[in-house]
Amino acid sequence: MDERTLVLIKPDGVRKSISGKIVSRFEDAGLKIIGMKMVYADKELAENHYYLNEEWARNVYEKTKKGYDESGKKFPYKDHLEIGKTIQKWNMEFLMEGPVIAIVFQGPHAIEISRKIIGSTEPRTSPAGTIRGDFASVESYAVADEGKRVLRNLIHASDSTASAKREIALWFSVDELHSNYKTVHELILEK
Ligand code: ADP
């Protein structure tokens, strides 16, 4: 039942000095830290992490277009590849702007639970109680767009089993992961 997921506290989260609060949200929900380190990403790592694929670009296109439509603004991108390339470049620049804290969490439904804890991509519409809803300053598609930059939304969490596997292997070697201990949460759930 256990899953593993990659969480990154992005450079804005580290600089805001809320890394401890962020990690607590996951620990409080019962997830177990099995790897954690501070990393200054180079171009290769940033590019591999935010690699451009068709499905991701289509998803970004749909989500962003919805945001523009809702605020009555004209959508400036011609297709998913144009927005995908732009956002990928901005994402890479942002990820390399300062050190990030990379964490691997493990537990039942770790991927789904982590996505719930971080909230939705745009902090403005992310519910209260989520990390992005509670801590990400006043940040929205409209504000990010004006600055021609990516949404500074504090945190990344893998969005599927396949991306978790790929991303964990990018950021951690096998001997940096330690799952051979039991948390209190695990002990409570044992029969
Ligand atoms: P999530 O991080 O919520 O899984 P995505 O995978 O769709 O979101 O996008 C990756 C990151 O790219 C987001 O966290 C955000 O920082 C940035 N991003 C996505 N779409 C936009 C956009 N339209 N404008 C600015 N930044 C964006």
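Contact is taken here to mean heavy atoms within 4.5 Å. In the predicted model, the protein chain comprises ten helices and four strands. Read from the N terminus, these elements follow the order β-α-α-β-α-α-α-β-α-α-α-β-α-α. Along the principal axes, the C-alpha atoms occupy a box of roughly 55 × 35 × 30 Å.

The four strands are arranged as an open sheet with the order β2-β3-β1-β4 and antiparallel pairing. Because β2 (32-39) and β4 (155-157) lie at the edges and each has a single partner strand, one side of each is left without a neighbour in the sheet. From one strand to the next, the twist averages 20°. Strands β2 and β3 (residues 100-108) run antiparallel and are joined by seven bridges; within this pair, G35 is placed opposite V104 in β3.

Two of the helices are described here in relation to the sheet. Helix α2 (residues 19-28) packs on the sheet and touches β1 (2-9), β2, β3 and β4, with a direction at about 165° to that of β1. Helix α6 (residues 110-118) lies across β1, β3 and β4 and runs at about 30° to β1.

Over the whole protein chain, 47% of the 191 residues count as buried. Among contacts with a separation of 6 or more, 76% involve residues 24 or more positions apart. The accessible surface amounts to about 10500 Å², and carbon and sulfur atoms contribute 54% of this area.

Methods
Residues are numbered from 1 along each chain as its sequence is written. This is a predicted model: local features need pLDDT of at least 70, side-chain atom pairs count only at pLDDT 80 or more; totals for chains, interfaces and linings use all residues. Side-chain values use heavy atoms; hydrogens and water are left out. Two strands pair if DSSP finds at least two bridges between them. Axes are lines fitted to C-alpha atoms, for helices over the stretch in contact, and angles run from 0 to 180 degrees between N-to-C directions. Buried means under 20% relative accessible area, exposed over 50%, partly exposed in between (1.4 Å probe, protein chains only). Accessible areas come from the Shrake-Rupley method with a 1.4 Å probe; for residues, only the protein chains shown count as cover.
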